Amino acid sequence: MKLTENIDAVIYKNGIKEEKKEVVVNDQIVEMVINNTITRRFSVIYDSLEEFTVGYLLGESLINNIEDIKSIAISEGVINVQVKKENVAEKETVLCSDASGGQRCKINEVNPLPSTLKVTKEELIENMEKLKEKATIWSATGGAHVAALVYEDKFIVKEDVSRHVAVDKSIGAGLLEGVDLTKSYIIYSGRMPADMVIKIDRAQIQMLVSNAAPSLSGCKIAKEGNITLVGFLRGNRFNIYTNPERVIF
């Protein structure tokens, strides 16, 4: 399935109007069925669905590690998942943000993370530029988010129309590649509210770097979870909103 499509559009530039083909992202609806009990629907870019499934399950506390997944079967827009947990039907399903089908309003589940990760300011600046370079779908369409899981020499990039799905895909890809999430961090495009920070905490990732600023709810959860939030607001200038000890100057 193609990730982008060409459509007819009217372009207005420098006082001139013309009709031409424009590239747009091809978003699709997929359904995830967990243990034949919980059903979720998402609007996604139709690729890396196994990685998305793994990352989503971890972020929703439906698994603790890759071994908790019994099977993943993907066919014609439906993802059927079997996980080891027997009480998935009892999970709360109230949304606190735009995380489609999420359960991340349960902020009482936030666990403080140890301060073992250290990243230089030069690495952060270089990787933010690298993220922009790798954002091929965004560059072509302007209609996607991009996320990367950074671990040692790995830079695992995924894109999607949803910032949550992009992050889920990168985390899931890391798990499938055997990455130690406690020694990695996420760099991505998009806001940093509470539900995103809770996802990061549940994955035991200690740092979230974005080209946007956090919300107050995100900062509160980051402080509670001992997570470092970094926002690149203008060029190479960045703000460290919480737990600055992880950034080396």
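Two strands pair if DSSP finds at least two bridges between them. Helices (H or I, at least four residues) and strands (E, at least two) are DSSP runs, numbered from the N terminus. The model is predicted: local features need pLDDT of at least 70, side-chain atom pairs count only at pLDDT 80 or more, and totals for chains, interfaces and linings use all residues. Residues are numbered from 1 along each chain as its sequence is written, and side-chain values use heavy atoms, with hydrogens and water left out.

View 1. Strand E10 (residues 185-188) and strand E11 (residues 207-210) are parallel partners, joined over three bridges. Tyrosine 188 faces serine 210 of E11 across this pairing. Helix H4 packs on the sheet and touches strand E8 (145-151), E9 and E10. The direction of H4 makes about 145° with that of E9. Axes are lines fitted to C-alpha atoms, for helices over the stretch in contact, and angles run from 0 to 180 degrees between N-to-C directions. The sheet is open, with six strands in the order E9-E8-E10-E11-E12-E13 and mixed pairing. Strand E9 (154-160) and E13 form its edges. Each has a single partner strand, so one side of each lacks a neighbour in the sheet. Direction ignored, neighbouring strands here are turned by 20° against each other on average.

**View 2. The four-stranded sheet.** Four strands make an open sheet, ordered E4-E3-E6-E5, and the pairing is mixed. E4 and strand E5 (69-75) are the edge strands, and each pairs on one side only. From one strand to the next, the twist averages 20°. Strand E3 (residues 27-34) runs parallel to strand E6 (residues 78-83), and four bridges join them. E5 and E6 pair in the antiparallel sense, over six bridges. The hairpin of E5 and E6 has two residues between the strands. In that hairpin, glutamate 76 takes a positive phi near 50°.

View 3. H1 lies across E3, E4, E5 and E6, and runs at about 140° to E5. Ten of the eleven residues of H1 are buried (under 20% relative accessible area; over 50% is exposed, in between partly exposed; 1.4 Å probe, protein chains only). The helix is therefore largely enclosed by the rest of the structure. Among the buried residues are Leu49, Glu51, Phe52, Thr53 and Tyr56. Val54, Leu57 and Leu58 are also buried, as are Gly55 and Gly59. After H1 comes serine 61, which has a positive phi near 60°.

**View 4. Helix H1 against helix H4.** Helix H1 (residues 49-59) packs on helix H4 (residues 163-176) at an angle of about 95°, and their axes are 6 Å apart. That makes H1 roughly perpendicular to H4 (65 to 115 degrees; under 35 is roughly parallel, over 145 roughly antiparallel, the rest oblique). The H1 residues at the contact (heavy atoms within 4.5 Å) include Phe52, Val54, Tyr56 and Leu58. Their counterparts in H4 include Val165, Ile171, Ala173, Leu175 and Leu176. Charged residues take part too: Glu50 and Glu51 from H1, and Asp168 and Lys169 from H4. By class, the contact has nine nonpolar, two polar and four charged residues. Ala, Val, Leu, Ile, Met, Phe, Trp, Tyr, Cys and Pro count as nonpolar, Asp, Glu, Lys and Arg as charged, the others, Gly among them, as polar.

**View 5. Aromatic pairs.** The structure holds five aromatic pairs. Rings of Phe, Tyr and Trp (its six-membered ring) pair if their centres lie within 6.5 Å; planes under 30 degrees apart count as stacked, over 60 as edge-to-face, the rest as tilted. Phenylalanine 42 and tyrosine 56 are edge-to-face, with 5.0 Å centre to centre and 75° between the planes. Phenylalanine 42 sits in strand E4 (residues 38-45) and tyrosine 56 in helix H1, 14 residues apart. Both phenylalanine 42 and tyrosine 56 are buried. The rings of phenylalanine 238 and phenylalanine 249 are stacked, because their centres are 6.3 Å apart and their planes are at 25°. Phenylalanine 238 lies in strand E13 (residues 237-242), and phenylalanine 249 in the segment after strand E14 (247-248). Phenylalanine 238 is buried, at 15% relative accessible area, whereas phenylalanine 249 is exposed, at 67%. Ring pairs also link Phe42, Phe52 and Tyr56 into a cluster.

**View 6. Cysteine 219.** Cysteine 219 is in helix H6 (residues 216-225). Its relative accessibility is 14%, so it counts as buried. Leaving aside neighbours within four places in sequence, cysteine 219 contacts Pro214, Leu229, Tyr241 and Thr242. Glycine 59 is 160 residues from cysteine 219 in sequence and 18 Å from it in space, C-alpha to C-alpha.
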